[in-house]
Amino acid sequence: MELSKVSFLGPKASFSHQAAVEAFGDPVQLTPCLTFADAFAAVQQGQSDYAIIPVENSSNGSVVQTLDLLADRNEIYGDVEVCAEHYLTVHHCFMVRKDTLPAYSSITKLYTHPQAWGQCETFLSKNFKGVERQDVSSTSKAAEIVSKETTECSGAIASRFAAEYHGVDILAENIEDKADNTTRFLILRNVHSERLARLTFEDAIPSKPSSTALKTLILFTVDHDSPGALADALSVFKDHGLNLTSINTRPSQKRAWQYVFFVECARVPTPQNQEAVTRILQSLPQVTESCKYLGTWKDRL
């Protein structure tokens, strides 16, 4: 059987790489992508069967790069659809170059991804107050830099997965402020893929969802000059019995101070709500300027 091809936000040993390994298991063909757009393009162009992309973190909120690509303002990714989600519990470690084991007081520079600083502030304030912080493109990159550092005593914040990949020593584990720090990833597919028409996502992964609920993501825009336009759009979801679980916005980039709304809703399938999403998509054009269906998948929370 041909292996599923999965793109993730690189580099190797990033949290996205770890999420891909957890979500898909073995055997799959994993390919790192330099940017969010590269991962979307790989699915759109059929180079990958799936892409796994971070969409929100329980501590830091939404990942706006993913929302902007889902908005697809230039209509580049018209065949890309969300088919599943994966939750990764994010545990950060403090690490240094192998076999050096320096005291915290001798560390002169720290490396990590910008989001990780805020997730580990208690540890950093206690142990490294005043120490220079250098932003890098990923936590994996931070571990790589420290693994090759020879001119100064530096440390990195990254995962155990990254530490093992880059061969550095861990001095402290689970340094995140919140033990339940979690990132949610969306898994994307091409709706016109002939190969995936014969293989559902549930066939491609080892684990099965514990919940029976389904989630759906829909985006829309409204007339910002019309009083109650947003309320009218949101009431469509209530009228058809769907529970709104999150609402996000991004600038429309068509006119200043106008926005694209991302609405995620959930339902436990019943005979009564079987056609609820279809009816919502039929009703929304009457109260919005535009709307787009972005996918339905099984709740894995």
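Analyst: A cavity here is a set of grid points where a 1.4 Å probe fits but cannot get out. Note that this is a predicted model.

User: OK, how many cavities of 30 Å³ or more turn up in the whole structure?
Analyst: The search finds three. The largest cavity holds about 90 Å³ of space.

User: Which residues line the largest cavity?
Analyst: The lining consists of Val55, Glu56, Ser62, Leu67, Arg184, Leu186, Leu217, Ser246, Asn248, Phe262 and Glu264. Sorted by class, five of the lining residues are nonpolar, three are polar and three are charged. Strands S3, S11, S13 (243-251) and S14 each give two or more residues to this lining.

User: Why does the largest cavity lie between domain 1 and domain 3?
Analyst: Because domain 1 (5-89 + 181-190) and domain 3 (214-298) both give residues to its lining.

User: Switching topic: what about the largest nonpolar core, how many residues does it have?
Analyst: The largest nonpolar core has 26 residues. Phe40, Ile53, Leu70, Leu186, Leu188 and Phe262 have the most contacts inside it.

User: Which element gives the most to this core?
Analyst: Helix H2 does, with five residues. At least three residues of this core come from each of domain 1 and domain 3.

User: And Leu70, what is it in contact with, leaving aside neighbours within four places in sequence?
Analyst: Leu70 is in contact with Phe40, Val82, Leu186, Leu217, Leu219, Phe262, Lys292 and Leu294.

How values were computed: Residues numbered from 1 in each chain as written. Predicted model: local features only at pLDDT ≥ 70, side-chain atom pairs only at ≥ 80, totals over all residues. Heavy atoms only, no water. Core = buried A, V, L, I, M, F, W, Y, C linked by side-chain atoms within 4.5 Å. Buried < 20%, exposed > 50% of the residue type's maximum accessible area, 1.4 Å probe, protein only. Helix = DSSP H or I, 4+ residues; strand = E, 2+ residues; numbered from the N terminus. Domains from an automatic or database assignment. Contact = heavy atoms within 4.5 Å. 1 Å grid on protein atoms, 1.4 Å probe; cavity = no way out; pocket = protein on both sides within 12 Å on 5 of 7 lines; lining within 4 Å. Points joined across faces, edges and corners; volume = space filled by probe spheres on them. Nonpolar A, V, L, I, M, F, W, Y, C, P; charged D, E, K, R; others polar.
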